[in-house]
Amino acid sequence: MPTIIVASANPAKITAVSNAFKDAFPQQQFTITGVSTISGVRDQPLTSEETLLGANNRVDYCRERYSNADYIVGLEAGLDGNFTFAWMVIEHQGKKSTARSASLPLPPLALAKIAQGMELGDVMDEMFAQQNIKQKGGAIAMLTQHLLSRSSVYQQALILALIPFLNPELY
């Protein structure tokens, strides 16, 4: 059975990876393991470039430690101007593919608190009187009144990142 290492122990990210691979490869079963990793960037990346670097660093960190894994998946959420989003990086057989999630506009109060050094998850916990929202529905769930979740948006971006592996003859 092929193995997938998710470069995170966050349940929302692991669920997104599991659902994306089930959708993309419905006839296949996978062993999926989430592991805590080092991103090598700030806890709250503040640019698209820094966010992508964090996702790539997570994949590289896991590849060094789990060389037999069939897929390594790195997800890193960050900011790009007034928006939050995430980069998905999937490595398979020495090739990497990336995709970016939808971007969510953040309220001015959240942006001000992030500028003061807070992480988005902590800001959302405070704004919505929640605990550990980043491992649940995320900021997107709170701001869309649960129409979307962190996992659902990540799942879509992960499927996009899987395109080269679904169509290897084209890539």
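Predicted model: local features only at pLDDT ≥ 70, side-chain atom pairs only at ≥ 80, totals over all residues.
**Entry 1: α3 against α4**

I started with helix α3, residues 108-115, and helix α4, residues 120-128. Their axes come within 10 Å and cross at roughly 130°. I therefore wrote the pair down as oblique. I also looked up the hand of the crossing, and for α3 and α4 it is right-handed.

Next I listed who meets whom. On the α3 side I found L109, A110, K113 and I114, and they meet L120, V123, M124, E126 and M127 of α4. Sorted by class, this contact has seven nonpolar residues and two charged ones, with no polar residue.

Which side chain does the side chain of K113 make a polar contact with? My note says E126, at 2.5 Å. E126 is also one of the α4 residues in the helix contact of Entry 1. Setting aside neighbours within four places in sequence, I have K113 in contact with M118, V123 and E126.

**Entry 2: what covers α4**

I then stayed with α4 and asked which of its residues are buried. The list reads L120, G121, V123, M124 and D125. Of these, L120, V123 and M124 came up already as residues that meet α3. The cover over the buried residues of α4 includes α3, along with β4 and α5.

I also checked what comes after the helix. A129 follows α4, and its phi is positive, near 50°.

**Entry 3: α1 against α6**

For the hand, I noted a right-handed crossing of α1 and α6.

From α1, the contact takes in A12, K13, T15, A16, V17, N19, A20 and D23. From α6, the residues are R150, S151, Y154, Q155, L158 and I159. How do the residues of this contact divide by class? I have seven nonpolar, four polar and three charged.

I went on to the loop between α5, residues 138-143, and α6, where Q145 is found. Phi of Q145 is near 55°, a positive value in a residue other than glycine. Q145 is exposed, with a relative accessible area of 69%.

H146 lies in the loop between α5 and α6 as well. Its phi is also positive, near 70°, and H146 is likewise not a glycine. I looked up its relative accessible area too: the value is 57%, and H146 is exposed.

**Entry 4: G81**

Last, I picked a glycine in a strand-to-strand loop. G81 lies between β3, residues 71-80, and β4, residues 83-92. With a relative accessible area of 52%, G81 is exposed, the cut-off being over 50%.

What is the separation of the C-alpha atoms of G81 and L106, 25 residues apart along the chain? I noted 9.5 Å for that pair.

Notes:
Residues numbered from 1 in each chain as written. Heavy atoms only, no water. Axes fitted to C-alpha atoms, helices over the stretch in contact; angles between N-to-C directions. Helix = DSSP H or I, 4+ residues; strand = E, 2+ residues; numbered from the N terminus. Parallel < 35°, antiparallel > 145°, perpendicular 65-115°, else oblique. Left-handed = near helix turned anticlockwise from the far one by under 90°. Contact = heavy atoms within 4.5 Å. Nonpolar A, V, L, I, M, F, W, Y, C, P; charged D, E, K, R; others polar. Polar contact = N/O pair within 3.5 Å; in protein donor to acceptor, adjacent residues only side chain to side chain. Buried < 20%, exposed > 50% of the residue type's maximum accessible area, 1.4 Å probe, protein only.
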